[in-house]
Each structure stands twice: as structure tokens, then as C-alpha cells.
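Morning, everyone. Please look at the structure on the screen, and I'll walk you through it.

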Amino acid sequence: MLTHIRTMVMKVSRIPTLAILLASATTLAPVARAQDTAPPMLTLAEALRLARENNPTYRQILNDPQVDDANERAAKAKFFPTPSINFNTGGGPTRTIADGFTTFRRSSQTSIGVGLDMTILDNGARMNQLRSTRLGADITGIRAEVEGIALRTLITQRYYATVLADRAVKLEERQVVSRTDNFKEMQDRFAIARSTQIDVMVAELAVTTAQNTLERARDDARKRRLELLEAMGVTLEPNIRVDTIVPGTLDPALLTTDSLLGTARKLNQVLRQNEITLRQRGIDAKFARVSRWRPNVRASVGYDRFFNSTEYDAFLQPKLSNSTFSFGLTAGYDFPEWFQSSATVISREAALTDQQLALRGQALRIERQLRSQLIDLQAAARDLGLAERDARLRREVVSIADEQLAAGTLPFFQYQTYVDQAAQSERAVLLRRLGVISAQLALEETVGAPLRP
């Protein structure tokens, strides 16, 4: 009997080892069977590339620079002469009644001419339009940057959410194997009266709970893949494989508020966009002030050939014998319309002042947001550190509980509580790690560039 009990103790002590081996076998066996049919690995770099090529929102923004280029060419064209060509032909009979006599006279004429017309001086409208167009192109470029970094944040967050969801599946698979081993062990111990029926029932319930948690984890992993594919804008199969490596988290202690604020003032897209808008408002205000006192000067030149006839033979005449050459210069000045120009000036200067205040307010909001997000990142990193320490201590508790259970000094329901707490700690580590990644991505989006310590 003593030999049999010693054999059982050795058998119980091997439970963690067998559970680990079975978990490894369960994890690696599907991979080994699917080596020939597994889809290719989707890396984060490949996911970002596909998203830039296929995401509908990002592709819409990429169309705007073409419109800006066309508008800039149109604004530049106003500084060049405008050519014109005209062709006229016509005629008809004319009836004249004089002193009681009626006479009919036929006539026809044909002319063709070319000309050039050009504005030499204006009130600055052409230059103002060209500057505004170029500033608009700069704003479009910044909007593309905003969408690009927002897309990077979205894809990175959803990619690592998928990676961590896969890790959660592996974790739950190990839990199922461990709970199954414990259930079988309780059955064996119940057969020799070393455990109670309650222990067997608790172990069986633990297996059922672990299996349901595994299915929920698999469902969550599929949903994370669908979200990733939606953000990428592609129709790949939802069974794509992702890289299981998660990069090390950035230590917030290496970041300083002053350095982050200095970088944000230079790179933050919202601030840069507001600065360009401020320049545009300044140009508009200056134009409104000085355009009232500038004259308009236009020059034109033309050459025409024509033929007039008292018959109908001038229609489509191939030879136009007569010609004229003309040159014109027009200068004028439009006096301001009562208080209309003053109202325009005041309105533009008020818009300039409003934009200055808006820029200052936006800078304060960015500073507050950056400081808050740095606090969030520090808190997330602290939570992750505590979760990892908690998981490590829980594993040690389970290891000690294994020995006590094998020695018969620990009730199984208490052992099961320790195991459940350890599993919950492992799940918390995955959630905290995703929280750190999300907090870092949010801070990078505010800064306007990836973080570097």
C-alpha cells in the first residue's frame, strides 16, 4: 500500500510537466500539419503597405494633390497672355425705301483674326490667388500626413490586437489541457479514495469552463482579424497568419515632457495646418488693405483679315484681301465703393486675429493632450509591470500548490482557485500589453512622429 501511495504521489507531481508537454504538443501539432497549406505570414510592414494601397479613406486623400496641381497651373496661367482666334462670315439682302422707291442691295462679308490679351497690372488678385493655391496645396499635404499617421495607428493597433488574441488562444489551449489532466487525475485519485466526488465534479466543471473560454478566445481572434482586414481595405481570407512577436514596450521614463512638446510644436500636423491657415489669413488681410489703391492695366494686340462684297461671293472666301493690325492699352482705377472696401478690410483683419487666437488655443490643447497621454502611457506601463509581476507570483503559487496537492495537504478546490487566478493574471498581462501599445500609438499621433527616447 505504501508503494502504491508513493507511486501516486510521483504521478501527481508529474501533472505540471505532463500538462506542459501536452500543451506544447497540442500547440505544435496543428502547425506541423498545416505547414503545407498555411497561408503566408502577414507582417506589420506588409499590413501597412496593403493599407496604404487599399484603404478607401486614405486613397481619397491621395487624390487631392492632383487637384491642387491643376489649380496652381490655372493660377500661374493668369500671368501669361490669353490667345484668341475668331472667324466670322455672313450677309444678306437689304431693302431700302426712299422717296417712294424701293431698292434691294445684297452684301456679304468674311473675316478671320487672331489676338492676344494680357493683364499687366492688377490689384494683386492674381498673386493673391497663386499664394492661396500654394498654401492650399501645403494644407492638402498635411492632411495626407494626418491620414497617414492615423492609418498607421489604426493598423498597428489592430494588428497587435490580433497577435495578442492569438496568444490568448494559445493560453486558453494550455488551460484546457491542464484542466483535462487535472480532471483525469481526480478521477484516478477518486478511484483509490484519495479525493472526493466533489473534487471530481469541480475538476469536470473546470474543463467545461476552460473549453468555453477557449471557444470565446477563438471567436475573438476571428473578429480581430476581420477588423484588421477592414482597416486594410482588402478582402483577404480571415484565416491569415500574423507574426507572434510583440515588440518591447517603450520605457516612459526615457521620455521627457519638454522634448515631446518641442517635437510636437515642429511636427504636429494640426498645429502646422493652423500655422498655414494663419499665413493665408495674413495674405488675405494684406491684399484687402492694399488692393484698394492699385490701378488696372491691360494690353491687347490683334491681327485681322477680311473681305466685304456687294454680292454673296464673300461667303467662305478663300482669299481675304484686306487686313488690319491693332494694339490697345487700357488703364483704369476703380474707386472704393463707399464703405464696402473698409468693411472687407475689417473683416479680413478680424479673421486674422481669430486665427491667431485659434492657433494659440490649439497649441494649448495639444500641450494638454500630450501631457495627459504621457501620463496615460506611464500608467499603462506601470499596470503592465504590475500585471507581469502578479502573473509571475501566481505561477510560483501554482508551482507550490502542485507540490501541496501531490502531498495531499491542499484541497483540490483551493488548488483550482490558485490555477484560475494564475490564468486570469496571464490574461491580464495580454490586455495590459495591448493597453501600452495603444497608449504609445496615441502619444505618437499627437507628437506627429514615432517616439524615440
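Over how many bridges do strand 2 and strand 3 pair? The pairing runs over 17 bridges, in the antiparallel sense. Two strands count as paired if DSSP finds at least two bridges between them. Strands (E, at least two residues) and helices (H or I, at least four) are DSSP runs, numbered from the N terminus.

Some ground rules. This is a predicted model, where local features need pLDDT of at least 70, side-chain atom pairs count only at pLDDT 80 or more, and totals for chains, interfaces and linings use all residues. Residues are numbered from 1 along each chain as its sequence is written, and side-chain values use heavy atoms, with hydrogens and water left out.

How confident is the predictor? pLDDT is its confidence in each residue, from 0 to 100. The protein chain averages 84, and 91% of the residues score at least 70. Residues 1-36 stay under 50. For that stretch the model has 28 contacts beyond four places in sequence. Contact means heavy atoms within 4.5 Å. Where pLDDT is low, the predicted coordinates should not be read in detail.

Ala98 has Phe101 as its bridge partner in strand 3. Thr82 is partnered by Asp117, also in strand 3.

Strand 3 (residues 101-121) also pairs with strand 5 (residues 296-309), antiparallel, over 13 bridges. There, Ile112 stands opposite Arg305, and Gln109 has Asn308 as its bridge partner.

On to the helices. Why does the span of helix 5 agree with expectation? Helix 5 (residues 125-191) has 67 residues, so at 1.5 Å a residue it should span 99 Å, and its end C-alpha atoms are 98 Å apart. The expected span is 1.5 Å times one less than the number of residues. After helix 5 comes Ala193, with a positive phi near 65 degrees.

Helix 6 (residues 197-232) passes the check too: its 36 residues should span 52 Å, and the ends are 53 Å apart. Gly233 follows, and its phi is positive, near 80 degrees.

Helix 9 (residues 340-407) has 68 residues. From first C-alpha to last, helix 9 reaches 97 Å, close to the expected 100 Å. Just after helix 9, Gly408 takes a positive phi of about 80 degrees.

Last topic: packing. Two packed helices are described by the angle between their axes and the distance between the axes. Axes are lines fitted to C-alpha atoms, for helices over the stretch in contact, and angles run from 0 to 180 degrees between N-to-C directions.

Helix 5 packs with helix 8 (residues 269-290) at about 170 degrees, axes 9 Å apart. That makes the two roughly antiparallel. Angles over 145 degrees count that way; under 35 is roughly parallel, 65 to 115 roughly perpendicular, and the rest oblique. The residues of this contact divide into 8 nonpolar, 6 polar and 7 charged. Nonpolar means Ala, Val, Leu, Ile, Met, Phe, Trp, Tyr, Cys and Pro; charged means Asp, Glu, Lys and Arg; the others, Gly among them, are polar.

Helix 7 (residues 257-267) and helix 10 (residues 412-447) have axes that come within 8 Å and cross at roughly 55 degrees. That makes helix 7 oblique to helix 10. Leu260, Thr263, Ala264 and Leu267 in helix 7 meet Leu443, Thr446 and Val447 in helix 10. This contact has 5 nonpolar residues, 2 polar and no charged.

Notes: pLDDT is the predictor's confidence in each residue, from 0 to 100.
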